[in-house]
Structures are given as C-alpha cells and as structure tokens.
Amino acid sequence: AGRVGSDLTLEQGKAAARACALSALSIIGASLGFPSVRRIVKVTGFVQAAPGFSAIPDVVNGASDLFVQVFGEAGKHARSSVGVAELPMHAAVELELVVQVVL
C-alpha cells in the first residue's frame, strides 16, 4: 500500500505490480487452469503515484515481465499504464487483464 514515488520506491512499486500479477495468475490457475490460457491480450496497470512521479510504465513492467516469464511469447501483450491519485484501500498498483482462453 502507498504512493509510488513518495511512500514506495520504484523497485517497491515494481514488486507491488508483480504481486498483483501473481494474484491474477492464482485466480486464472484456480478457475481455468493454465493449459487453457492461449495468451495475455492486454494489461492495464493503475499506479497510485506521488505528484511528479512519471515512471509509471516502469512500475507496470513488474507485472508485464512476469507474464512473459510464465507464458513466454503468449505472455507478450498490449498495455496501458496510468498514474492515478488514489486507489481503493490505498493500494499501490491495480491491474486489469484481458486473457484469451481455450475452453
């Protein structure tokens, strides 16, 4: 929890994005199973950023890099990175994913 750039460093922000990605992967794994994932289509990362902090894409790399590590070429995705003033429960990072699956 906290604002990246004041409460958290860039590296801590990247770790928060990675933790969000791990949480998303656990939900995907539990509900669909990893073999059903064809690819990660798009990631939207929201970063609670301190005024003047502009390394928003670098923070979201923490999530993007993990998806590529896990899925290889299928983990490469389109992405939007957005800095925001506040997130629910003072979270540092929030992710939204679009995942293509085979049922």
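Is R3 buried or exposed? R3 is buried, at a relative accessible area of 19%, where buried means under 20%, exposed over 50% and partly exposed in between (1.4 Å probe, protein chains only). Keep in mind that this is a predicted model, in which local features need pLDDT of at least 70, side-chain atom pairs count only at pLDDT 80 or more, and totals for chains, interfaces and linings use all residues. Residues are numbered from 1 along each chain as its sequence is written, and side-chain values use heavy atoms, with hydrogens and water left out.

**Overall fold**

- The protein has 2 helices and 3 strands, and going along the sequence they come in the pattern α-β-α-β-β. Helices (H or I, at least four residues) and strands (E, at least two) are DSSP runs, numbered from the N terminus.
- With a radius of gyration of 14 Å, close to the 13 Å from the globule rule for 103 residues, the protein is as compact as a globular protein of that length. That radius is taken over C-alpha atoms, and the rule is 2.2 Å times the number of residues to the power 0.38.
- The C-alpha trace spans about 45 × 25 × 15 Å along its principal axes.
- Of the contacts with a separation of 6 or more, 85% are between residues 24 or more positions apart; a contact means heavy atoms within 4.5 Å.

**Surface and charge**

- Out of 103 residues, 38% count as buried.
- The accessible surface is about 5,500 Å², and 58% of that belongs to carbon and sulfur atoms. These areas come from the Shrake-Rupley method with a 1.4 Å probe, and for residues only the protein chains shown count as cover.
- There are 8 positive and 8 negative charges, and their mean positions sit 9 Å apart. Lys and Arg count as positive, Asp and Glu as negative, while His and the chain ends are not counted; each charge is placed at NZ of Lys, CZ of Arg, CG of Asp or CD of Glu.

**Salt bridges**

- Searching the whole structure turns up 2 salt bridges, meaning a side-chain nitrogen of Lys or Arg within 4 Å of a carboxyl oxygen of Asp or Glu.
- One of them pairs the side chains of R3 and E86, at 2.6 Å from N to O. R3 is in the segment before helix 1 (10-31) and E86 is in the loop between strand 2 (78-84) and strand 3 (93-101), so this pair ties together parts that are 83 residues apart in sequence.
- E73 also forms a salt bridge, with K76, and the closest N and O atoms there are 3.3 Å apart. E73 is exposed at 60% relative accessibility, while K76 is partly exposed at 47%.

**The loop between strand 2 and strand 3**

- A92 belongs to this loop and is buried, with a relative accessible area of 4%.
- Leaving out residues up to four places away in sequence, A92 touches A1, G2, V4, L8, A16, F46, V47, Q48 and L87.
- From A92 to T44 is 48 residues in sequence and 14 Å in space, C-alpha to C-alpha.
- M89 is in the loop between strand 2 and strand 3 too, and is exposed at 81% relative accessibility. M89 has a positive phi of about 55° without being a glycine.
- H90, also found in that loop, has a positive phi near 60° and is likewise not a glycine. H90 is partly exposed, at 34% relative accessible area.
- For background, most residues other than glycine have a negative phi.
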